[in-house]
Amino acid sequence: MAVTPVAPARPAPRVADPDRRRRRRSATSRRHLTFVLLAGPNIALILAFIYFPLASNVYYSLLDWRLGARTADVVGLANYVELFTSSRGFDVWRVTLIFTLATVVGSMVLGLLVALVLDRNLPGKTFARTAVFAPYVLSGVGVGLIWLFIFDPRIGLLGHVLRALGQSSPNWFIDPTLALVMVIVVYVWKNLGYCAVVYLAGLQSIPKDLLEAAQLDGAGPVRQLFSVKLPLLGPTVFFLSVTCILSSMQAFDILRIMTPTGNGTNTIIFEIFLQSFGAYQRAGYSAALAVVLFVVLFVVTAVQLRYVERKVHYR
Amino acid sequence: MLTTKQKVWWALGTVAVLVYALFPVAAIFATSFKPSSELTSGTFLPSSPTLSNYESILAGDAQELFLSSLRNSIGISVISTVLASILATLAAYAIARLDFPGKKLVLMTSLAVSIFPVISIVTPLFNLWRTIGLYDTWPGLIIPYMSLTLPISIWTLTAFFRQIPWELEQAAQVDGATTYQAFRRAIVPLAAPGVFTTALIAFFIAWNDFVYGISLTSTSAARPVPAALAFFTGSSQFEEPTGAISAAAVVVTIPVVVLVLLFQRQIVSGLTQGAVKG
């Protein structure tokens, strides 16, 4: 019996009625009980299997501990020091920065172009939108495999095209720089549809009369884009940049499938996995990386919340 | 109005976008029908199409690897989707309609989860599962999938339920319906689309998961398809079952493609909710 409290039809009598008050109090506590019954199991699951593991991670990060071993040594902050001072740790930051910047800029710029193309009432519009969006919800493993077939120097289509042009196919999997370029291309391909769809929603909320007015004043498509559309897309661009940073920093499936042991593609999230479950089994160091990643993501989100609260209310 | 020349340019642009998006998928689809002798031929379409790759994963050599993982994937994804949808619906209903002192905190607790890196939960869970015996079992994946999908489901459903005109329920009761009838006839039809969209997204998350799948399983007892596919590639350095992999990749992506084609609108609105309003 969960019913929203309705304003009483008659004004409540001034005289305190103990019976009535008791009834109201028991109604309130029954509502609270219902709430706990309905929402409790969810909260219990989330606390037990997300918050508790996260907290234990902080403790693990202070240990020198092989995954699955019964004993571990407490080493304090040594794992954190290693991440910020060793050359391998430095490389992780470099790769993370390149991968995140390239994928965020790539999918946001290309996504905008695609959205501008699809923002027309032409036949096949819905199908084109669906097609562009589909890669975003495909399994990362499936996408990784699809592109392995394209990049493979021996049987891949890219190799055949290059050979037809008189070039030999580079080995994308052996050269670390090329491997990083490869996973960036594939990640942008997968994520672009999400950006395009969000831009399309933003473009459609631009008042048509603004664009018509610009057209009457003699603004061509390019001028309209830079003087009308882009300024009005400001909040969309900001929202996308934050969600794309968050998801790029968590990209894992494609990296693991296309470069299984990490070869110039060790972003922080991939390194967390490789250190713990790969050949090293250094669960303590891996946990320290996870804590640092969490702090970074937290800061990015906090910046977004502040900015959104301040800026987006102008509408 | 567009001139004819402009129309041609936009049409060309659309075609380019379509090729960009569909070509890779089409390529692997075509590859999956190639016999092994044709894999290096370099033609896009197989000249003598064959079903042998599908036979090998569904009935032949690779079937042990693939069929059991397909069973695991379907079972685990469906169970966790159903359970998470039921629990999230109850919680979202409570948050949207009942007063509770800590309501905001409950909502924030679940929203905050969306920024946590999933991978940082894996090592602790691996440890916990080994201790309590859930490692390499169905519940060992169903539980993390639920805790992964619950927060986003609660969040989207709460937003959805808040928009439902709940007065309809009282109106129906005034018209003589019982409490149950009022709920069944007036509220369920309005709430169902939201629950459905949420369930679809929860299914995608479970079906596509890879991190938990490779870290929390070790045998075909619980290993889902994405993890099994990684195992395919890893174990086959010398003789690559390329054709079988392409067929398996098609099988694992088909359900998602079909769902996207059928429910494009719901999925897009569910995933991009709040994007424009900030």
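Q: What is the helix content of residues 141–161 of chain B, and how far apart are the end C-alpha atoms?
A: The span is 100% helix and 0% strand, with its end C-alpha atoms 29 Å apart; helices here are DSSP runs (H or I, at least four residues), and strands are runs of E of at least two. This is a predicted model, in which local features need pLDDT of at least 70, side-chain atom pairs count only at pLDDT 80 or more, and totals for chains, interfaces and linings use all residues. Residues are numbered from 1 along each chain as its sequence is written, chains are lettered from A and ligands numbered from 1 in the order in which they are written, and side-chain values use heavy atoms, without hydrogens and water.

Q: Why is the pair A:Y136 and A:Y194 called stacked?
A: Rings of Phe, Tyr and Trp (its six-membered ring) pair if their centres lie within 6.5 Å; planes under 30 degrees apart count as stacked, over 60 as edge-to-face and the rest as tilted. By this rule there are 24 aromatic pairs over all chains. The centres of A:Y136 and A:Y194 are 4.9 Å apart and the planes at 25 degrees, so this pair is stacked.

Q: Why does A:Y194 count as buried?
A: Buried means under 20% relative accessible area, exposed over 50%, and partly exposed in between (1.4 Å probe, protein chains only). A:Y194 has 7% relative accessibility and therefore counts as buried, whereas A:Y136, at 25%, counts as partly exposed.

Q: What makes A:R282 a charge over the ring of A:Y285?
A: The rule requires NZ of Lys or CZ of Arg within 6 Å of the ring centre and within 35 degrees of the ring normal. The charged end of A:R282 sits over the ring of A:Y285, 4.6 Å from its centre.
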